[in-house]
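Here are my notes on the model, as numbered points. Please read them with the structure open.

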Amino acid sequence: MNVSSGLSPLAPAALGYRMPAEWEPHAATWLSWPHKLASWPGKFEPIPALYARLVRTLAAAEKVCVLAGGHAKAQAKVMLAGAPNVELYDIPTDDAWLRDSGPTFLVGPPSAPPALVDWGYNAWGGKYPPYENDDVIPRLIARQLGHVCYKPRIIFEGGAIDTDGRGTFLTTEQCLLNPNRNPQLSRADIERYLAGYLGARKVLWLGGGIVGDDTDGHIDELARFVAPKTVVAAVEEDPKDENYEPLKDNLARLKSLTDADGAPLEVIPLPMPRPLSYEAQRLPASYCNFYIANGLVIVPQFGDPTDGRAVEVLAKLFPDRRICPLPAIDLVWGLGAFHCITQQQPALA
């Protein structure tokens, strides 16, 4: 069932739906099998094996659903052969960043049918055509699963937001107010869409992103909820680094903000790795791009002395989950890491 009406009384929040926090129980994790050489120019060769390692790690904790249509199907079948708890879907894709091209899954009242949101997708402001296959991924997943599919008719990416599951959302002005997405929408308009489709009661706006981030400041490189009222924030400790000032500004904003219930946030600094470059291009390496799954947390590692410190910070914040550090140096040449390639499907009550 498709519901396509912009903002209307049919918007899912009015029916009791909300976007849950990432740490709430999952039914599955979704990924798109990588095949676009241009996403990792000159360095694609190690990427499929890295994906396979991630899939097998996640599959030990929850079901993993992999979009592997077209010419990606054969390789995915071979590299994931014998992996339990993994299901391949014959859905063609243009690229592998499913956090942004995929749906936002919702949870609703016990009597409500399962549902998801199908945002419009234009590859981060039209930067990387073609993206026609990626734009229809959510409705194809909805069809496969039998979910109600809500379509707001605005451009939006999953990596642009993070939530505590209780109505508080994090985002950035650089991304959601960027004219390359929805030039017709104001800040208040964006907040109304987040309220109507995801159940947002309060939106916390940070400034901008880190150097090398082609998403125009996605929040999953900058700050993440790890529990109600608790946020980790990327902090650059070197005043000479070009990320120092924007991250300092974001940290100051977070310390001054409150959640949807008016409670102050506890803000935990998460150090940044040293500058990481490839072919003279600064890469958006950030430990904030971790992914929370059932019973574990996948933490990107960049071959940096700070890797261990980031793991220690997150281990204290997730004492009931196993911390799984995985190498991300090759992955981040595609300008993203583990959170960017995953999308959680919540378990239904």
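1. Start with Thr-342. This is a predicted model, and in it Thr-342 has 0% relative accessibility. The cut-off for buried is under 20%, so Thr-342 counts as buried.

2. Where does Thr-342 sit? Look in the loop between β18 (322-327) and β19. Strand β19 itself covers residues 343-346.

3. Strand β2 spans residues 26-32, and helix α1 spans residues 47-59.

4. Now strand β2. Is this strand mostly covered or mostly open? It is mostly covered, with six of its seven residues buried.

5. β2 pairs with β19 in the antiparallel sense, over four bridges. Within that pairing, His-26 stands opposite Pro-346 of β19.

6. β2 also pairs with strand β3 (residues 63-67). Here the sense is parallel, and there are five bridges. Take Ala-28 as an example: its bridge partner in β3 is Lys-63.

7. How is the β-α-β unit built, and is it right-handed or left-handed? β2, helix α1 and β3 make up the unit, and it is right-handed.

8. To put the points together: β2 pairs with β19 and with β3.

How values were computed. Residues numbered from 1 in each chain as written. Predicted model: local features only at pLDDT ≥ 70, side-chain atom pairs only at ≥ 80, totals over all residues. Heavy atoms only, no water. Buried < 20%, exposed > 50% of the residue type's maximum accessible area, 1.4 Å probe, protein only. Helix = DSSP H or I, 4+ residues; strand = E, 2+ residues; numbered from the N terminus. Pairing = 2+ DSSP bridges. Right-handed = clockwise from strand over helix to strand, strands pointing away.
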